[in-house]
Amino acid sequence: MIKIEKLAGYMREKYRFGWMGCICIFSVCFQVQAQKAGIIHPGAAWPDQKGNPIQAHGGGIIKIGKNYYWYGEERRQGLDSNYRYVSCYSSADLVNWKFEGDVLQLSDPENLGRHWVLERPKVFYNRQTKKYVMYFHLDDARYKLARVGIAVSNTATGNFKYVKSFRPLGHESRDIGQFIDDDGAAYLVFEDRPNGFHIAKLSADYMDVERDMSLIPQHMEGGAIVHYKGLYYAIGSALTGWNPNPNKYAIAKKLEGPWSPFEDIAPPAVKTYGAQSTMLLKITGSKTTTVLFMGDQWKPKAQWDSRYLWMPLEIGNGKLWLPEPRSFSLNVKTGEAVLQKDRE
Ligand code: DGJ
């Protein structure tokens with residue numbers, strides 16, 4: 001403590017930092033240090049390798065070789081309001097992330113007008129065509145278009161080029177999620193307001209949505225799926241805009257269903273600890289398999305400061321539970337996630 005006081009005094013003198021400046025710098029250093037140790041802090045500001053807050057909201061992750069790629073909505077301040085941006089970060093350990101840039105920078109592709117929407121980008125890698133195919137929710141300001149857009153790249157880190165937009169299988173589609181099964185098959189999860197929650201298989205080249213595996217008559221956003229020890233777990237949130245609500249899950253032996261009734265993933269009163277699901281990420285290691293809940297803690301009035309709530313789930317035998325958030329270490333080689341003693 002004495003050393004910190006001395007250092008702060010030195011910084012105040014030499015660089016004319018105020019006390020608040022010193023505190024901010026120390027807290028960023030502390031977090032970068034904690035991340036080096038392989039610790040994830042759910043809901044805390046999460047700096048990338050350069051110390052900038054990670055901007056990958058409503059995102060999804062794919063693993064290519066040894067690297068993970070995290071794509072999401074870029075919402076930093078000062079962006080050109082004529083464009084929508086999708087960011088990409090890479091990591092070998094899911095804790096330390098390198099910003100690879102905004103891999104899609106798109107101007108209004110369908111004459112949607114002011115405040116048009118690009119949300120929840122998800123990227124699939126197609127082994128046959130060797131293309132990276134990005135899906136996203138494309139909409140006008142009133143969310144009436146309800147389509148998916150597709151952009152394609154030859155590399156994981158872009159640039160992606162816009163190709164087209166459409167309504168999957170002719171249905172309205174707002175929030176989308178991605179699911180890649182253990183056999184490599186790729187599925188789009190999409191929210192269809194009149195009908196429910198679709199799990200639909202992509203075409204061989206991933207440029208289209210080919211057929212419904214299930215249409216669950218439940219209205220759920222932020223849809224995500226994981227295949228764990230012989231069961232499929234589907235998760236999603238209620239339709240409450242940017243506000244949190246109790247997220248729920250159902251299980252099935254096959255993607256075609258039948259699906260169980262939906263149950264809470266956490267005590268309903270905590271509203272998913274202020275988060276909304278975006279993905280369930282399975283990490284299969286040499287010792288164990290961990291399933292991470294990835295959620296967004298939205299801040300609608302300061303979206304650039306929206307946070308990520310990642311937590312290892314308690315999952316198995318048809319049950320899924322999101323424990324109270326606390327820091328955890330993650331080892332992608334062994335698959336182990338270890339909760340830390342300090343509760344956040
Ligand atoms: C909830 C969705 O999950 C978000 O992606 C976003 O579309 C908001 N609604 C907009 O209110």
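Me: Which residues surround the ligand?
Reply: This is a predicted model in which local features need pLDDT of at least 70, side-chain atom pairs count only at pLDDT 80 or more, and totals for chains, interfaces and linings use all residues. Residues are numbered from 1 along each chain as its sequence is written, and side-chain values use heavy atoms, with hydrogens and water left out. A residue is near a molecule if one of its heavy atoms lies within 4 Å of it. By class, the shell has two nonpolar, two polar and four charged residues (Ala, Val, Leu, Ile, Met, Phe, Trp, Tyr, Cys and Pro count as nonpolar, Asp, Glu, Lys and Arg as charged, the others, Gly among them, as polar); its members are Glu 119, Arg 120, Tyr 143, Asp 175, Glu 221, Gly 241, Trp 242 and Gln 276.

Me: How far is an oxygen atom of the ligand from an N or O atom in the side chain of Asp 175?
Reply: A polar contact is a pair of N or O atoms within 3.5 Å. For the side chain of Arg 120, the distance to a ligand oxygen is 2.9 Å, and a polar side-chain atom of Gln 276 lies 2.8 Å from a ligand oxygen. For Asp 175, the distance is 2.4 Å.

Notes:
Polar contact = N/O pair within 3.5 Å; in protein donor to acceptor, adjacent residues only side chain to side chain.
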